[in-house]
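User: I am new to this structure and would like to understand the terms used for it. Please set each term against its definition as we go.

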Amino acid sequence: MFDWLQQFIVAGHPLTFWFGWTWTISSIVLTTWIIWQRKSPVSTLAWIMVLNLMPVVGLLVYAYFGPQRIKRQRLKRWHQRAALMSRDDVKALLAERPDVPPWARQHARLNEAASGLPIASAQSVDVLASGGATLDALLREIDDAREHIHLEYYIFEPDETGTLLLRALVAKARAGVKVRLLVDAIGSPRLLSRRHRKLLADFEAAGGEFAVFHPTRLDRLRPLVNLRTHRKIVVVDGRTGFVGGINVTDDENEHIRPDNAYRDTHLLIRGGAVRWLQYVFLKDWHYAEGRPPAPDEDLLPEQAPGALPVQIVPSGPDSDMEAIHRAMIDALNMAHERIWLATPYFVPTEPALTALTNAALRGVQVKLMVPEKSDSRVVTAAARSYFKELQDAGVLVFEYRGRMFHAKTLLVDELYGMVGSANFDNRSFRLNFEVMAVVMDRAFNQRLAEMFDDDLSQCKLVPVDRRAPPWQQAFEAVARLASPLL
C-alpha cells in the first residue's frame, strides 16, 4: 500500500494528474461562488481557506455548514394589525413618560428598521432565574389557558421535564385549547426519534399540532445543518409570553438536577409586547408547516397599554440586516456608565469586539461573564483568545465556575436591559434564528444587575497575566481562526 501511495504522489501518475486538475477547477469555481455570496470578508476568506486546503473534505464541510440564504413569506395581515396596536401602546408610553431620552427613541427606531418590529408596551416583565422556576411558571400559565398555546423550542427533550410539559399540553388539547408545538430538528433529535414516537402520537391524538423546523433530510442537495431556530418562545392566549435562553430539558431544571443544572435566565411578559412574540412564532410556524393558522382565530387580542417599554427583536438568515447584532452594538455604543454582558458563547464579530473595547477605553465599566467550561471546548478556547485584547482595553472578564452558565443578558447603564436566546457570537448574529427582548426600565435593569452580582459570587476574575501552557495557547489561536465559522 505504501508503494502505491508513493507512486500516486509522484508527478506524472495519471491519478495525480486528474486529481490535481479536479482540485484546481473545483477550487476556482467554489472560490468564485463564495465571493459571489458577498458575506463578510473574514468569513469569506475563512471558507476559501477551508475549501482550498482540504480538497473534497472541504467541499463536504461547505455543503453542510456553509452560508445559505433562505426566503420566507411575511404575514402582512398579522403584521399590520400588530403594528396598529403597538402605535396605541407607544402613544400611551409617551404620555406617561414624556421625558423618554432621545437615545431610547433612536435605538427603538434602529431596531424597528432592522427587524420590522416596533416598540410596544408590557404591563409586567418578570425575570426567571432558573429552568425549574420557568417550568413552574409555564405550567401555571398553561393550566390557565383558554384559547391557544404556542411553543417554539430549539431543544425539547423527552426526559422528565419534557414529558411533564407534554402531558400538560395533552390535557389542554383534550380540553379544546389549540396547542401548537414547533421544535428544531437539530436541537431535538431524541424527541423526533422512533423511541419516543408515542409521546408525539399521544400529543397529536389529543388534538395538538406539531411541526419541525428544517428537517435534516439527507436527500437534500444541501441539508440545512445551519439555519436553525434557536428561539425559545411560548405564547398563551396572545396575552402572556415567555422568551429567553431556557430550553425544555432536565439539564436546565434544578428541581431534577439541583447540583449541576444550567444557570440560565428567562422572561415572563404580560401585555401588548406579547403580540410580537406571537407574530415571530406565526412566521416560523407558517414556514415550517407550510400554512398559517386559520384566519378566524383571535391570536392578537386587544390589550390595555402597559407602563413598560418593551421591544421584541428577532433576527435570522432570512434577512441581511442582522437586527440583534446591530441592536447589541448600538446599545454598547450608547453606554455612559456600565456594560454588564453575560453570554455562554463569546466569539465576537470584529464590530462587536470593537464596540466593547471602545466602551472600556472611554471609561465605561465593562464586565464580561462567560462559563469557565462551556459544552464546547473549541468555543471556550476561541473565547479565551480574546481575553488579553479585552483586558488591555480595561474590560473585566469573569469565568463562572461549577455548573454550565447559559444566561444571555446585556445590561447598559441604568435603564436598558436585553434578554433572549442569542449568544454573543457569529452563529447567533448571522446563522441562527434568534429573538431578544429589550426592556427600557430602571426596575428591570436593577433586577438584572442584582442577578449579575449574585452570579459574580460564583465567578473568578480572569487575571490580566493569565498564563497557559504553549499547547493551550496554540489551541486557542487555532480556535480563533475558526471563529467566523463557529
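User: What makes α13 roughly perpendicular to α17?

Analyst: In this predicted model, helix α13 (residues 377-384) and helix α17 (residues 470-481) pack at an angle of about 95 degrees, with their axes 7 Å apart. Axes are lines fitted to C-alpha atoms, for helices over the stretch in contact, and angles run from 0 to 180 degrees between N-to-C directions. Angles under 35 degrees count as roughly parallel, over 145 as roughly antiparallel, 65 to 115 as roughly perpendicular and the rest as oblique, and therefore α13 is called roughly perpendicular to α17.

User: Which residues of α13 and α17 meet, and how do they divide by class?

Analyst: Contact means heavy atoms within 4.5 Å, and Arg-377, Val-378, Ala-381, Ala-382 and Arg-384 in α13 meet Gln-472, Phe-475, Glu-476, Ala-479 and Arg-480 in α17. The contact has 5 nonpolar, 1 polar and 4 charged residues, where Ala, Val, Leu, Ile, Met, Phe, Trp, Tyr, Cys and Pro count as nonpolar, Asp, Glu, Lys and Arg as charged, and the others, Gly among them, as polar.

User: Why is α6 called roughly antiparallel to α11?

Analyst: The axes of helix α6 (residues 102-115) and helix α11 (residues 323-333) come within 9 Å and cross at roughly 165 degrees. That angle makes α6 roughly antiparallel to α11. Among the residues that meet are His-107 and Leu-110 in α6, and Arg-326 and Asp-330 in α11; by class, this contact divides into 5 nonpolar, 3 polar and 2 charged residues.

User: What makes a space in the structure a cavity, and how many cavities of 30 Å³ or more are there?

Analyst: On a 1 Å grid over the protein atoms alone, a cavity is a set of points where a 1.4 Å probe fits but cannot get out, and lining residues have an atom within 4 Å of a point. The structure holds 4 cavities of 30 Å³ or more, and the largest cavity has about 90 Å³ of space, a volume being the space filled by probe spheres set on the points. The largest cavity is lined by 13 residues, of which Gly-131, Leu-135, Ile-246, Asn-247 and Val-248 lie nearest its centre, and α7 gives the largest share of this lining, 4 residues.

User: How are the residues numbered, and what pLDDT do local features need?

Analyst: Residues are numbered from 1 along each chain as its sequence is written. Local features need pLDDT of at least 70 and side-chain atom pairs count only at pLDDT 80 or more, while totals for chains, interfaces and linings use all residues, and side-chain values use heavy atoms, with hydrogens and water left out.

Terms used. Helices (H or I, at least four residues) and strands (E, at least two) are DSSP runs, numbered from the N terminus. On a 1 Å grid over the protein atoms alone, a cavity is a set of points where a 1.4 Å probe fits but cannot get out, and a pocket is an open set with protein on both sides within 12 Å along at least five of seven lines; lining residues have an atom within 4 Å of a point.
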